Structure formats: C-alpha cells, structure tokens
Amino acid sequence: MTGDRLTKAAVADRALRLADEEGLDAVTVRRLAKELGVTPMALYWHFKNKDELLLGMVDHVLSTVRADANTDDPWQKRLRGVVETVVGVMRAHPSLPILMHAVDKTQTESFNRATNDTLTLLSHAGFTVEEGYWVAMYLLNGCIGIVSGQPGCPPGVPADQEPEWRRQKRVHLEGMPADRFPMMIELASSYRDEPDLDRYYSFAVDLLIAGVEAMAAGKR
C-alpha cells in the first residue's frame with residue numbers, strides 16, 4: 001500500500017488488527033508504518049501522534065454503532081439493536097475495551113453519536129438525560145462484561161486443546177465437596193460440549209435490556 005492510497009480508515013483498521021493480535025502496546029506509529037509498508041511520515045498526514053491514532057481507532061471501530069432513525073420500531077427494539085452492535089464489535093475486536101479506557105472517548109464523533117442516539121431512545125423510555133446517561137454507561141460496561149465473560153476456553157488456548165481444557169475444568173468442578181458446592185458440581189456437566197455462544201449472547205443481551213425495561217416500566 002503506497003502513501004498516496006493510504007486512507008485514514010485503512011490506518012485505523014490495521015492498527016486495530018495489530019492491537020487485537022498483539023495487544024495495545026504493540027501499536028506504535030513506527031510499527032504501524034512498517035505493517036503498512038510506508039514511512040512513519042506518511043501516517044502523520046492522518047494522525048499527528050499516537051494519542052490521535054488511538055482516538056482514530058475508537059472512532060473507526062464504533063462507526064457502525066447507531067440507532068436507526070428511519071424506523072417506527074419501539075425504543076426497546078432499537079436499543080437492543082444498539083447493544084447487539086456494540087457486543088458484535090467487541091467480539092470482533094478484543095482490544096476495544098482496553099482501548100476505550102485508554103482514551104477520552106468523548107473526543108470521537110462515533111462515540112458521541114452513539115451516546116446521543118442511546119440517550120434519545122432512553123428519553124422515549126421516560127428517563128431523564130442524567131438517568132439515561134447512567135443507563136447508557138451500565139449498558140456499555142455490561143457489553144464489556146458479556147464479551148469478557150464469554151463461556152469456553154480463555155483466550156490463547158489453541159483450538160486443538162479446547163476439549164482437554166473443558167475436561168480438566170469439568171473434573172475440577174466434579175471434585176468439589178458435594179456438601180458445600182452441590183450446584184458447582186451440577187455445573188460441571190455444562191463443560192462436556194462446546195458452549196452455545198449464540199444462545200449465550202442472546203441470553204446476555206436479554207438480561208441487560210430486561211433491566212432497562214423493568215426500570216422504565218416502573219417510571220411509567
């Protein structure tokens with residue numbers, strides 16, 4: 001890729017892939033320039049320093065997070081769509097939670113637009129702007145928790161070692177004292193097969209949205 005064809009989105013996308021693969025510390029202007037086959041100076045046309053680059057990564061990755069304004073769907077359905085999109089983005093980019101804590105997200109267009117969309121939906125649910133912001137932050141942190149708590153093998157376990165990891169986990173749980181941890185022993189059977197991630201994520205999003213809906217119903 002030559003400098004004259006290098007776009008801001010392409011730089012941010014490659015930086016995200018590098019962060020996902022090797023961690024956020026691996027993202028430097030010099031390393032990124034090498035990955036893209038350009039000189040560091042070529043990147044400065046888009047990002048003056050690493051702080052701007054990190055903000056650009058957040059702005060790029062959150063660009064798909066928005067509520068559809070051209071629909072008559074109820075706020076609950078539209079809010080679910082926003083949450084599902086955030087979860088999907090975080091599943092695709094495991095570096096995103098750390099990245100979002102490393103920068104001031106409110107300096108990015110995408111984050112502000114997504115937050116504004118969410119506050120609008122929550123105002124339709126009967127929340128004040130301040131309450132809506134609390135709910136929005138609860139949902140954001142809930143999405144982070146959902147993805148980081150995904151069942152199954154932890155990151156870094158090779159695919160061919162997953163059955164053995166599950167077996168060891170099951171054996172550990174089954175070996176707990178039955179008089180003290182009967183439910184943990186029962187849980188052991190869930191490690192016999194690969195987790196149903198589609199069911200897990202659907203259940204987890206249901207749980208988040210149900211809390212918001214319950215509070216909104218109480219306000220009405």
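Here are some worked exercises on a predicted model.

**Exercise 1. Find which helices the R14–E35 salt bridge ties together, and classify both residues as buried, partly exposed or exposed.**

Step 1: start with the distance. The closest N and O atoms of R14 and E35 are 2.5 Å apart, which is inside the 4 Å cut-off for a salt bridge.

Step 2: R14 sits in helix α1 (residues 8-22) and E35 in helix α2 (residues 29-36), so the pair ties together parts 21 residues apart in sequence.

Step 3: check accessibility. R14 has a relative accessible area of 12%, so this arginine is buried. E35 comes out at 31%, so the glutamate is partly exposed.

Step 4: look for further partners. R14 and E35 belong to a network of salt bridges that also links E22 and R31. Across the model, the count is 9 salt bridges.

**Exercise 2. Take the salt bridges R80–D206 and E164–R167, and work out where the residues of each pair lie.**

Step 1: get the distances. For R80 and D206, the closest N and O atoms are 2.8 Å apart. For E164 and R167, the value is 2.8 Å.

Step 2: E164 and R167 both lie in helix α9 (residues 162-174), 3 residues apart, or about one turn of the helix.

Step 3: R80 is partly exposed at 24%, and D206 is partly exposed at 35%. E164, at 35%, counts as partly exposed, and R167, at 36%, counts as partly exposed.

**Exercise 3. Describe the largest nonpolar core and the surroundings of M57.**

Step 1: size it up. The largest nonpolar core has 58 residues, and α5 gives the most to this core, with 8 residues.

Step 2: L43, M57 and M90 have the most contacts inside the core.

Step 3: zoom in on M57. Leaving aside neighbours within four places in sequence, M57 touches A12, A15, L16, A19, L24, V27 and L99.

Step 4: In soluble globular proteins, nonpolar side chains tend to be buried together.

**Exercise 4. Work out whether T108 is buried or exposed, and what surrounds T108.**

Step 1: locate it. T108 lies in the loop between α6 (96-102) and α7 (109-124).

Step 2: read the accessibility. The relative accessible area of T108 is 2%, so T108 is buried; the cut-off for that label is under 20%.

Step 3: follow the side chain. The side chain of T108 reaches the backbone nitrogen of F111 at 3.4 Å.

Step 4: list contacts from elsewhere in the sequence. Beyond neighbours within four places, T108 is in contact with L55, V58 and D59.

Conventions. Residues numbered from 1 in each chain as written. Predicted model: local features only at pLDDT ≥ 70, side-chain atom pairs only at ≥ 80, totals over all residues. Heavy atoms only, no water. Helix = DSSP H or I, 4+ residues; strand = E, 2+ residues; numbered from the N terminus. Buried < 20%, exposed > 50% of the residue type's maximum accessible area, 1.4 Å probe, protein only. Polar contact = N/O pair within 3.5 Å; in protein donor to acceptor, adjacent residues only side chain to side chain. Contact = heavy atoms within 4.5 Å. Salt bridge = Lys/Arg side-chain N within 4 Å of Asp/Glu carboxyl O. Core = buried A, V, L, I, M, F, W, Y, C linked by side-chain atoms within 4.5 Å.
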